Amino acid sequence: MSGRTEDERFMAAAIRLCRRNLGLTATNPSVACLIVKDGVIVASAVTAPGGRPHAETQALAEAGEAARGATAYVTLEPCSHHGKTPPCADALIAAGVARVVVSVTDPDERVAGRGLSMLRDAGIAVETGVLESDGRNALAAYLTRQTKKRPHVTLKLAVSTDGMLGRLGAGQVAITGPASRGQVHVLRAETDAILIGIGTALADDPELTCRLPGLETRSPVRIVLDPRLELSPASKLARTARQVPVIVVTAKDRKSEPAFAARQEALEALGVEVLICDPRELDALLAALATRGISSLLVEGGARAARSFLDAGLVDRIMLFTGAAAIGKEGVASPFVSGRMPDGFSLRHAARYGADSLQEYERDD
């Protein structure tokens with residue numbers, strides 16, 4: 001087996017591993033590290049929940065003396081700066097690894113090639129860009145927050161065969177089957193925050209949690225665009241805000257208005273955070289979310305919210321699930337349906353889940 005082919009094989013395993021903790025590592029990326037010696041993986045690790053310890057230090061501790069002379073496969077360039085933990089580049093040097101293979105160079109200005117330079121200056125052989133496209137895909141949330149100062153935005157749409165998102169006045173309508181819905185819950189588990197508009201919140205009274213067995217603790221922060229603060233304290237979102245955080249985004253501080261103040265106090269008493277930020281100013285909202293460490297955002301609900309993000313050019317990925325049934329003339333039209341690719345997006349992946357189909361589109365830039 002050629003060296004390059006072996007590098008790709010081990011990096012592919014590392015990229016699969018790094019996805020395990022997506023949505024769990026706070027402001028840090030979910031990075032994976034494999035320590036390989038004589039063609040055998042002697043240690044592996046992924047960034048711990050909360051962001052620390054990093055993957056490299058965990059893997060090196062597991063490998064022990066076996067790390068000396070080994071190759072480390074890391075999905076993101078090892079850090080080179082002193083933060084709450086020492087640099088991972090120093091740890092790799094101290095462990096005596098002979099070679100480091102990296103998928104993606106870190107755009108963080110505190111790193112940005114310095115980690116690689118430290119390794120090379122210590123006499124370690126370094127190879128970069130191995131399966132870089134796959135690595136960037138796995139690290140998309142972190143890379144977007146670093147380079148664009150906003151979360152990576154995925155728009156999820158479940159559309160009937162006649163292009164409808166739901167039926168007027170009918171509340172939640174099952175458009176796709178259980179296999180597709182299970183995939184959506186996996187997507188929620190990998191995401192920092194999920195967003196809907198107030199229209200969807202009022203019509204469907206959704207919970208927006210991850211309810212797959214074993215993943216119940218991985219529900220994302222729930223966000224509602226609510227210009228007039230209409231979310232009911234009796235809603236599922238408000239009633240569960242102390243278990244899973246809820247942020248309601250409203251246009252302006254109107255505490256001087258008694259009715260508004262009463263609604264705000266009722267929501268806040270349940271643990272709901274009221275964020276004053278005009279929901280129409282999506283750039284400002286995403287920047288505010290990024291400062292809170294939110295790197296990935298799933299836009300799930302409402303034709304209006306979907307169209308707003310698309311029109312603002314803030315969607316990075318579209319997950320389009322198409323069910324097997326039609327809704328009819330009382331349906332709510334989707335802003336995007338299969339076969340009508342939005343400008344600036346390309347189809348990257350397609351799959352079937354039972355009777356449903358999935359098309360995954362990514363922004364070309």
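Once you set aside neighbours within four places in sequence, Pro342 is in contact with Ile318 and Phe336. Keep in mind that you are looking at a predicted model. The protein chain has twelve helices and 16 strands. Its radius of gyration is 22 Å, close to the 21 Å that the globule rule gives for 365 residues, so the chain is as compact as a globular protein of that length.

**The whole chain**

- Picture a box of roughly 65 × 50 × 35 Å along the principal axes: that is what the C-alpha atoms of the protein chain fill.
- Of the 365 residues in the protein chain, 51% are buried.
- Take the contacts between residues at least 6 apart in sequence: 74% of them join residues at least 24 apart.
- The protein chain has an accessible surface of about 16200 Å², and carbon and sulfur atoms account for 50% of that.
- There are 43 positive and 43 negative charges in the protein chain, and their mean positions sit 3 Å apart.

**The nonpolar cores**

- In soluble globular proteins, nonpolar side chains tend to be buried together.
- The largest nonpolar core here has 31 residues, and the members touching the most others are Ile223, Leu285, Leu297, Phe309 and Ile318.
- Several elements give two or more residues to this core, among them strand 6 (152–159), strand 9 (221–225), helix 11 (282–291), helix 12 (303–311) and strand 13 (317–322).
- Zoom in on Phe309 and, not counting residues up to four places away in sequence, you'll find it touching Val153, Leu195, Leu225, Leu282, Leu286, Leu297, Val299, Leu314 and Val315.
- Apart from this core lies another one, with 28 residues, including Ala59, Val97, Val104 and Leu116.

**Buried spots worth a click**

- Leu157 is found in strand 6, and with a relative accessible area of 3% this leucine is buried.
- Leaving out residues up to four places away in sequence, Leu157 touches Leu165, Ala306, Met319, Leu320, Phe321, Ser334 and Phe336.
- Leu157 and Arg348 are 191 residues apart along the chain, and their C-alpha atoms are separated by 16 Å.
- Back to Pro342: this proline lies in the loop between strand 14 (331–333) and strand 15 (345–353).
- Pro342 has a relative accessible area of 18%, so it falls under the 20% cut-off and counts as buried.
- Although Pro342 and Leu310 are 32 residues apart in sequence, their C-alpha atoms are 8.9 Å apart in space.
- Ser295 is a loop residue too, found between helix 11 and strand 12, and its relative accessible area of 5% makes it buried.
- Neighbours within four places in sequence aside, Ser295 is in contact with Ala141, Tyr142, Arg145, Pro151, His152 and Asp192.

**Helix 6 and what surrounds it**

- Helix 6 covers residues 140–148, and its buried residues are Ala140, Tyr142, Leu143, Thr144, Arg145 and Gln146.
- Those buried residues of helix 6 pack against strand 3 (71–76), strand 4 (99–104), helix 5, strand 6 and helix 11.

- Between Arg52 and Pro53 the peptide bond is cis, with omega at about 0°.
- You can find Pro53 in the loop between strand 2 (40–46) and helix 2 (55–63).
- Ala26 is not a glycine, yet its phi is positive, at about 55°.
- Look for Ala26 in the loop between helix 1 (3–18) and strand 1 (32–37).
- Is Ala26 buried or partly exposed? Its relative accessibility is 42%, so Ala26 counts as partly exposed.
- Leu131 is another residue other than glycine with a positive phi, near 50°.
- Leu131 is found in the loop between strand 5 (125–127) and helix 5 (132–138).
- The relative accessible area of Leu131 is 21%, which is over the 20% limit for buried residues, so Leu131 counts as partly exposed.

Conventions:
Residues are numbered from 1 along each chain as its sequence is written. This is a predicted model: local features need pLDDT of at least 70, side-chain atom pairs count only at pLDDT 80 or more; totals for chains, interfaces and linings use all residues. Side-chain values use heavy atoms; hydrogens and water are left out. Helices (H or I, at least four residues) and strands (E, at least two) are DSSP runs, numbered from the N terminus. The radius of gyration is taken over C-alpha atoms; the globule rule is 2.2 Å times the number of residues to the power 0.38. Buried means under 20% relative accessible area, exposed over 50%, partly exposed in between (1.4 Å probe, protein chains only). Contact means heavy atoms within 4.5 Å. Accessible areas come from the Shrake-Rupley method with a 1.4 Å probe; for residues, only the protein chains shown count as cover. Lys and Arg count as positive and Asp and Glu as negative; His and the chain ends are not counted. The place of a charge is taken as NZ of Lys, CZ of Arg, CG of Asp or CD of Glu. A nonpolar core is a set of buried Ala, Val, Leu, Ile, Met, Phe, Trp, Tyr and Cys residues joined through side-chain atoms within 4.5 Å.
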